[in-house]
Amino acid sequence: SIARYSPQDAEEKTGETPRIVQPNDLISELLNIYENGLGKGDATGWPSVDKLLSIAPGQVTTITGYPNSGKSQWLDSLSINLARQGWNVVFCSLENIPIYLHAEKLAKQVVGKPVRKGQTERMTAEELIEAISKMQTWFKFIQPTAKKPNPSLDDVIGLIESEFSNNANTKKACVIDPWNELEHFRPHGISLTEDIGISLSMIRQWARQNMIHVFIVGHPAKQYRNRDNAKLPVATPDMISDSAHFWNKSDICVTVSLTDEHRSQEVDIHVQKMRFAHIGQRGVATLKFDRTTGRYHELTSVANYYDSKEVG
């Protein structure tokens, strides 16, 4: 009870205590919805995916998929498409170390040509410098230290808050890729599942309060193939190691999977959970991956293909 505290302490604690809200307190918000609707978030950059998904500040998206399915690469492409619409993104990509290799992947997608020599035309030095100039305004990267190669969630959130502290009018996003590479301190007597649930609840509240879209990438636990066709089932966020809370606590859940394990240029984007109907809906769209540029493109006759896909 707040009565247990001194007047000064009680005043400080009041900001942490839930309060009662009456319908009259919501008049301005409801009239705004009446006049303008809720509106969608920003486009993903692919028309077939836009039918299912948009990106708005203050939400949490969990992305999963089996190894080599392209989930991180697709998230890089999505980040570039959002940056072109005015978003700033901070990456904590602990599997993309050293960071210049991650920057190379992003530059390749920005320009549409590889950085390194190869069998195809590569970008010029001028094109690379122009790409770096664009990325300078769009992206920041969290660099772990040699003594602490796996930063904690508190470390990451503190850096992101500091980076965005002067960007009040900018749409903001951060990427934690992957979750399991963070250092986690679990209190004694708390199970791993409970600890993840607490952490994800905190992240969701932090995202809403600071209007930051948080993308979390998680690796699914090992799954067994179907006995009849030897295929892996489509991964879901509740398959992520140690907790179903990735499904429960997220606003949006996306799985990236190869349409065919042996035809990896076609990638299915499964939107498996959508908390808010004005942001999108559940369904699946298919994109074509170009290994040379790292970009994702729509399939030919995408509208007919989309209509033929099973949705749900």
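This is a predicted model: local features need pLDDT of at least 70, side-chain atom pairs count only at pLDDT 80 or more; totals for chains, interfaces and linings use all residues.
**Entry 1: the pocket**

Residues are numbered from 1 along each chain as its sequence is written, and side-chain values use heavy atoms, with hydrogens and water left out.

Rolling a probe the size of a water molecule over the atoms shows where empty space is left. A pocket here is an open set of points on a 1 Å grid over the protein atoms alone, where a 1.4 Å probe fits and protein lies on both sides within 12 Å along at least five of seven lines; lining residues have an atom within 4 Å of a point. I got 23 lining residues, and Asn68, Ser69, Gly70, Lys71 and Gln73 lie nearest the centre. Helix H4 (71-83), helix H5 (99-111) and strand S7 (263-274) each give two or more residues to the lining. The largest share, four residues, comes from H4.

**Entry 2: the whole chain**

I counted 10 helices and nine strands. These are DSSP runs numbered from the N terminus: helices are H or I with at least four residues, strands are E with at least two. Of the 312 residues, 43% are buried. Buried means under 20% relative accessible area, exposed means over 50%, and partly exposed is in between (1.4 Å probe, protein chains only). I also checked contacts (heavy atoms within 4.5 Å). Among those with a separation of 6 or more, 67% are between residues 24 or more positions apart.

**Entry 3: strand S2**

Next I opened S2. Seven of its seven residues are buried. Trp87, Val89, Phe91 and Ser93 point one way, while Asn88, Val90 and Cys92 point the other way. Two strands pair if DSSP finds at least two bridges between them. S2 runs parallel to S4, with seven bridges joining them, and Cys92 stands opposite Ile176 there. S2 also runs parallel to S3, joined by three bridges, with Phe91 opposite Phe141.

**Entry 4: aromatic pairs**

Rings of Phe, Tyr and Trp (its six-membered ring) pair if their centres lie within 6.5 Å; planes under 30 degrees apart are stacked, over 60 edge-to-face, and the rest tilted. By this rule I get seven aromatic pairs.

Phe91 counts as buried because its relative accessibility is 1%, whereas Phe141, at 30%, counts as partly exposed.

Trp179 and Phe246 make an edge-to-face pair, 5.7 Å centre to centre with 85° between the planes. Trp179 sits in the loop between strand S4 (171-177) and helix H8 (192-210), and Phe246 in helix H9 (residues 245-249), 67 residues apart. Both Trp179 and Phe246 are buried. I also noted a cluster linked by ring pairs: Trp46, Trp74, Phe289 and Tyr296.

**Entry 5: strand S5**

Why is S5 called largely enclosed by the rest of the structure? Because seven of the seven residues of strand S5 (residues 212-218) are buried. Ile212, Val214, Ile216 and Gly218 point one way, and His213, Phe215 and Val217 the other way. Strand S1 (residues 60-64) pairs with S5 in the parallel sense over five bridges, and Thr61 has Phe215 as its bridge partner. S4 and S5 also pair in the parallel sense over five bridges, with Lys172 opposite Ile212.

**Entry 6: Ile269**

My last stop was Ile269, in strand S7. At 1% relative accessibility, Ile269 counts as buried. Ile269 and Val49 are 220 residues apart in sequence, yet 7.5 Å apart in space, C-alpha to C-alpha. Leaving aside neighbours within four places in sequence, the contacts of Ile269 include Val49, Trp74, Val254 and Leu287.
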